[in-house]
Amino acid sequence: MAPRRVVIVGGGTAGWMTAAALTRLLPGQCSVHLVESEAIGIVGVGEATLPHIRAFNERLGIDEAEFMAATRATFKLGIEFRDWGRIGDSYIHPFGTFGPGNAELNFHQYWLRLRQQGVAVPDLEQFSMGCMIARRNRFALPASDSRDLASTFGYAYQFDANLFAPYLRRLSESWGARRTEGRIVTVHRDGESGDIAAIELESGERIEGDLFVDCSGFVSLLLGKAMGEPFEDWSKWLPADRAVAMPCRTEGAITPYTSAIAMPAGWRWRIPLQNRTGNGYVYSSKFLSDEDAAAALVASVEGEPIAAPRQLRFLAGRRARSWVGNCIGVGLSSGFLEPLESTSIYLIQAAITNLLELFPEPEISPVDRNEFNRLIDLEYDRIRDFLILHYHATERSDTPFWDYVRTMEIPDSLAEKMELFRRRGRVVKYREGVFLDASWVAVYLGQRVIPEGHDLRADAPGTESLVAGMVKLHSQIAEIAGGMPEHRQYLARYCPMAA
Amino acid sequence: MAGAGPIRSVVVAGGGMVAWGCAAALRRKLPAIEVTVIPLPLAPGALADRIASTLPSILEFHSDIGLGDTDPILRAGCGFRAGTLFEGWIDGQDDYAHVHDRYGQQFGTTSFHNHWVRAARRGKVAPFDAHAPAAAMARAGRFILPGQQPAGSPLSSFGFGLALDTVSYTAMLRAYARHIGVRERPAAISSVQLRAEDGFIAGLALDDGSLVTADMFVDCTGPAALLRSELDQSFEDWGQWLPCDRVLMADAAAVEGQLLDRAIAHTAGWRWVATNPARTSHGLVYASAHLTDARAARTLRGSAGAEPGEPIMIRQGRRPQPWLRNCVAIGDAAITLEPLEWTNLHLAHNAIDRLVAMLPDRDCAAVELWDFNRQCAAETDRVRDFLVLHYVASRRTDPFWRDLRATAPPASLAHTFSLFSERGRLPFYEDETFTRDSWLAVLIGQGVLPRRIDPLIDTVPPEQSERTMAAMRESLAAIVPTLPSYTHFLRTLKGQAIR
């Protein structure tokens, strides 16, 4: 079978991740030609990721320490949410479990039971290995033995997306990807099938292909503009439509976690890299002007700014289909969800994994396309509900923005989940969803969705033995976390960036 | 919001292994609840209470309720089962084994079946099930518990079910349930009394003139659903896909050494032969439109050498809402399926697990029941798909079989089938009972081969995969003869227990 000619439009994180995966994993089956325009630039503003990225890198044979040094990466144990439920609140959503994580019943059920019994129990996060390491600004790689408490946390990275794409570009080109620099002026479609036949550059060059991967970002040059795939607007639930970003110097410790700090009309990210800290204010233009947003960001960053504020515009939602004809949207061209839970790269990765597994024959089968679209829809829908939860589960009424999200109508699927948690702390099961039970528990409890009851199975152990077990667990976690090196020291030893 | 406080008492109606298993689970996991069983005589159509072959999940159920792995063997005369041999489902083709084990081991980056399919395309290849360790073991009549094998052995991780002596087993469950505090109230139910204000069950009037009340009622009375059907009669009929509407059963003498049940296709359905240490169970499942009861009885008498009972009429399908108000139907009161693949008791056990995990407050709020019903529905629908698959993928010429293949399958099965036949993939569904290997065992066992396979396989040359496959078979051929025969194994196990 002749190798398929894959044309990738756009050279940001999505474009080069796709190019690297295809050249590395399907070498005999496709040729990869990436077209990018340096004039357009990339959106990446310092990226916080989810643990899934590690599997992607491993599959490509990427050495962790080398990759981290090249992208000035730091370790990430979770996300700290500040001021969300109420001003003054802080909780961490860890990549890991609460308690030892291997029991039939989720740990928080025992915790709830004791609280409801009137026993004074520390905050739930004190029983999470990941949270406790994070709070101490420490890090060490998790243990491999699943019976070991030191194995009950996961990690991801915080890295400079402006360096990740070039890093992957070097690899992709060494694996055979071709790159052309240029701006696309025309997309030629086949009159009969409607498929994309070729793209034409400003230079007059015409690039033909069998499969076109749209990594052009928000403009969605192929999927949105050329193919006309409609966009499903989710802004009534996720009203943030702007961001302003500005990096600054890092003051104090390098936190092994990303922070998401609630602001009057949205929230602010804080992503520490080895050399600087990325900051940005995600807000709704209905509630805040661009000038005021930029001023608020400048006023709130902790270190000395090292660039001027930069504005971004977007809209929450996704294209009705990600794969149409012979055009596949990967990344922002197919949809956008704000980076509240660091899902942007995860969604890119999900699209790539599915493309690899459903890589088409010369004649594209609708079976492949439909399955791809079904899987991508599932991912978006699950993340959407989880994000909306963050806004909706709040007691804040101090600004019109928070009043809106607190009182807005939410999707039925989320309303049911919240109600089940409120009753007895049940988390609706999602076996392969990106966010598992512990994630939902962290956000619910962290944002004051407090169950009135608990799972009756938690009543089985006697109070004394349960309390004794908790006390022991608490001290073991504190001891292990306290014994780990400082995050900054660990980085300096493991993956120092070039001076 | 949470209503009326926790449930304090549950009445379980039914006298089979579903009812006693349910009572034991409730009592064991939720010791604060008073559990009473009204032991009614077994209904003829209560298949979950009458079918002797079980899936591996029964062992987890036992361990959850506090029974040891060998208790049913030593105390209730039960045996082991490794899987089922399917005979005659494809005209002119050998039997195939569906065991609860891995079919081959992944190597390279693609799963095993891709290698097998590629080899099959290239020429002659050993049967798919020759790569499943438990199938090789069981076909040789040998047996060992996976835990008794060293960790690296191919036979260290297979699943197995039990071949129940249903009468002794039910007696054992009853004794155990009573031992842990379940009360028994022997009487017949003369009427179900509903509360006027909300239609909840207030109590059961018994034929001794007394009234038994409880906060919650579990209906394990078989297809008549004596309690649950007082609340509504809605039923989703699956007759179009599963047209068999009769089951005929006959008991014959036990045969030693059989680890594999047989499911043999015939002109208007299929028949089974399943041996446990106490007896051999024979059954005939058929569509009355294609076979008269008299001819069916003759057929079964001929093959079983024993006199069949009365034909049991069944109507396959499920209640859309097994749980309504304070009454939950479990077993045949909720779901009727022919016993192909022995899922009846398995589905009942999973419903019991869910009931224990989800027990709501006394008001039985709709939102909590919704999740229970949703999970039951999702699970049952996929089990239905798996059963229908056997018919859809059959190749026989009788009118019964031709009609079945001409019927459009349920959408979720059609999706599975097209995705597999197109490119060897299996879609992910929540709440799936059967593993990917089980689906593959039946699909490939019945000769469904994908048109294309995973593109990632190209990284391993075909000669290399064929060598690896041969090595897997050789290692099985070396280990299996060293294992004890099943008969010997069972005797030794029982002998050790006596000593």
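Biologist: Let me check a term: a crossing is left-handed if the near helix is turned anticlockwise from the far one by less than a right angle, and right-handed if clockwise. Which is it where helix 1 of chain A passes helix 6 of chain A, left-handed or right-handed?

Modeller: Helix 1 of chain A passes helix 6 of chain A in a left-handed crossing. Keep in mind that this is a predicted model, in which local features need pLDDT of at least 70, side-chain atom pairs count only at pLDDT 80 or more, and totals for chains, interfaces and linings use all residues. Residues are numbered from 1 along each chain as its sequence is written, while chains are lettered from A and ligands numbered from 1 in the order in which they are written.

Biologist: Thanks! And what counts as a helix or a strand here?

Modeller: Both are DSSP runs, numbered from the N terminus: H or I with at least four residues for helices, E with at least two for strands.

Biologist: At what angle do helix 1 and helix 6 of chain A pack?

Modeller: About 25°, with the axes of helix 1 and helix 6 (residues 161-174) of chain A 9 Å apart. Because of that angle, helix 1 of chain A is roughly parallel to helix 6 of chain A. Angles under 35 degrees count as roughly parallel, over 145 as roughly antiparallel, 65 to 115 as roughly perpendicular and the rest as oblique. The axes are lines fitted to C-alpha atoms, for helices over the stretch in contact, and angles run from 0 to 180 degrees between N-to-C directions.

Biologist: Which residues of helix 1 and helix 6 of chain A make the contact?

Modeller: Helix 1 of chain A brings residues including Trp16(A) and Ala20(A), and helix 6 of chain A brings residues including Phe164(A) and Leu168(A). Being in contact takes C-beta atoms, placed from the backbone, within 7 Å. Sorted by class, the residues where helix 1 meets helix 6 of chain A are 9 nonpolar, 3 polar and 1 charged. Ala, Val, Leu, Ile, Met, Phe, Trp, Tyr, Cys and Pro count as nonpolar, Asp, Glu, Lys and Arg as charged, and the others, Gly among them, as polar.

Biologist: How does helix 1 of chain A sit against helix 9 of chain A?

Modeller: The axes of helix 1 (residues 13-25) and helix 9 (residues 344-357) of chain A come within 10 Å and cross at roughly 30°. That makes helix 1 of chain A roughly parallel to helix 9 of chain A. The crossing of helix 1 and helix 9 of chain A is right-handed. Among the residues that meet are Met17(A) and Ala21(A) from helix 1 of chain A, with Ile348(A) and Ile352(A) from helix 9 of chain A. Their contact counts 8 nonpolar, 2 polar and no charged residues.

Biologist: New topic: how many residues of chain A are in contact with chain B?

Modeller: 26 residues of chain A, which face 28 residues of chain B. Helix 9, helix 10 (366-392) and helix 12 (412-424) of chain A each supply at least two residues of that side of chain A. Helix 12 of chain A gives the largest share, 5 residues. The side of chain A that touches chain B has 9 nonpolar, 4 polar and 13 charged residues.

Biologist: And how do helix 10 and helix 12 of chain A pack?

Modeller: At an angle of about 60°, with their axes 10 Å apart. Helix 10 and helix 12 of chain A are therefore oblique to each other. Helix 10 of chain A passes helix 12 of chain A in a right-handed crossing.

Biologist: Last one: which domains does chain B have?

Modeller: The assignment gives domain 1 (9-80 + 164-237 + 317-380), domain 2 (99-135 + 383-480) and domain 3 (246-313) of chain B. Domain bounds come from an automatic or database domain assignment. The C-alpha centres of domain 1 and domain 3 of chain B are separated by 27 Å. Their contact takes 13 residues from domain 1 of chain B and 14 residues from domain 3 of chain B.

Conventions. Two residues are in contact if their C-beta atoms, placed from the backbone, lie within 7 Å.
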